[in-house]
Amino acid sequence: MKRIMAIAIVMVITVALCANVSATVNIDRLSVNKNTLGEMMGNDINGDTLTIAKGDKVYILGWAFNGTSRLKEIVYTLDGAEKKCEDNYIDRPELAAALGQAGLEDLEIHAGIGSNEAAMELLGLDQLGDGTYAMSIKAIYEDGAEELYKEFTLVVGTGVKAEDPAPVDPDPADPTPDNPSTADAAVLAVAAVACIALAGIVIAKKVK
């Protein structure tokens, strides 16, 4: 019985450690227009949707540790296009031990995403116009490995992108916009008739 209990405990601990290590990128806070730990009470994502107003800024706090390579950078994608985040990283001492990865303390360097006093900004979101975008956040490690944190929908302002105004069709009853040369020809014809009539009058006077 004791042997069975011991095996069960070992299995539970192993599963727990594997679960911790598999969650290699962790965003503790994602907030709109708040960039300190005291202000950031949690994640502003509602389910799978983040809603912001035009001009809003988005900040994140967290860490990334994959047990193999140091964190290189955090990036986000917008409709598939990769975007940069603020270059704002710190070391996270004791992270390896907390994840059951003693001996890998070298990977704690550069593992913190933002700091408690200054969270990391997702650069450029404050420049977006109204629209709905497919967005994700991921970690990239120095060995080239990537870890997806989350995929979600970003709604900015009304959520509807302004369409370019449609071209205005000219009035078919008015030929002038479509054929300005016709109007010019008409003017020239009238002028020519006037000149001929004037010449006729002059000749008639001379004959008299």
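Predicted model: local features only at pLDDT ≥ 70, side-chain atom pairs only at ≥ 80, totals over all residues.

Visitor: How many helices and strands does the protein have?
Guide: The protein has three helices and 10 strands, where helices (H or I, at least four residues) and strands (E, at least two) are DSSP runs numbered from the N terminus. Along the sequence the pattern reads α-β-β-β-β-β-β-α-β-β-β-β-α.

Visitor: And what share of the residues is buried?
Guide: Of the 208 residues in the protein, 30% are buried, and buried means under 20% relative accessible area, exposed over 50%, partly exposed in between (1.4 Å probe, protein chains only).

Visitor: Which residues touch the most others in the largest nonpolar core?
Guide: In that core of 29 residues, L50, I60, I74, L122, L125 and L154 touch the most other members; a nonpolar core is a set of buried Ala, Val, Leu, Ile, Met, Phe, Trp, Tyr and Cys residues joined through side-chain atoms within 4.5 Å. At least two residues of this core come from each of β1 (25-32), β2 (49-52), β3 (58-64), β4 (71-78), β9 (131-141) and β10 (146-156), and β9 gives the most, with five.

Visitor: What does L50 touch, leaving out residues up to four places away in sequence?
Guide: L50 is in contact (heavy atoms within 4.5 Å) with L30, V32, D44, I45, V58, F152, T153, L154 and V155. Another core, of seven residues, lies apart from the largest one, and its members include W63, F65, A96 and A111.

Visitor: Changing topic, what is the phi of D79?
Guide: D79 has a positive phi of about 50°, although D79 is not a glycine. Most residues other than glycine have a negative phi. D79 sits in the loop between β4 and β5 (81-84), and D79 is exposed, with a relative accessible area of 51%.

Visitor: Then where is H110, and what is its phi?
Guide: H110 lies in the loop between α2 (95-98) and β7 (112-113), and H110, also not a glycine, has a positive phi of about 70°. H110 is partly exposed, at a relative accessible area of 26%.

Methods. Residues numbered from 1 in each chain as written. Heavy atoms only, no water.
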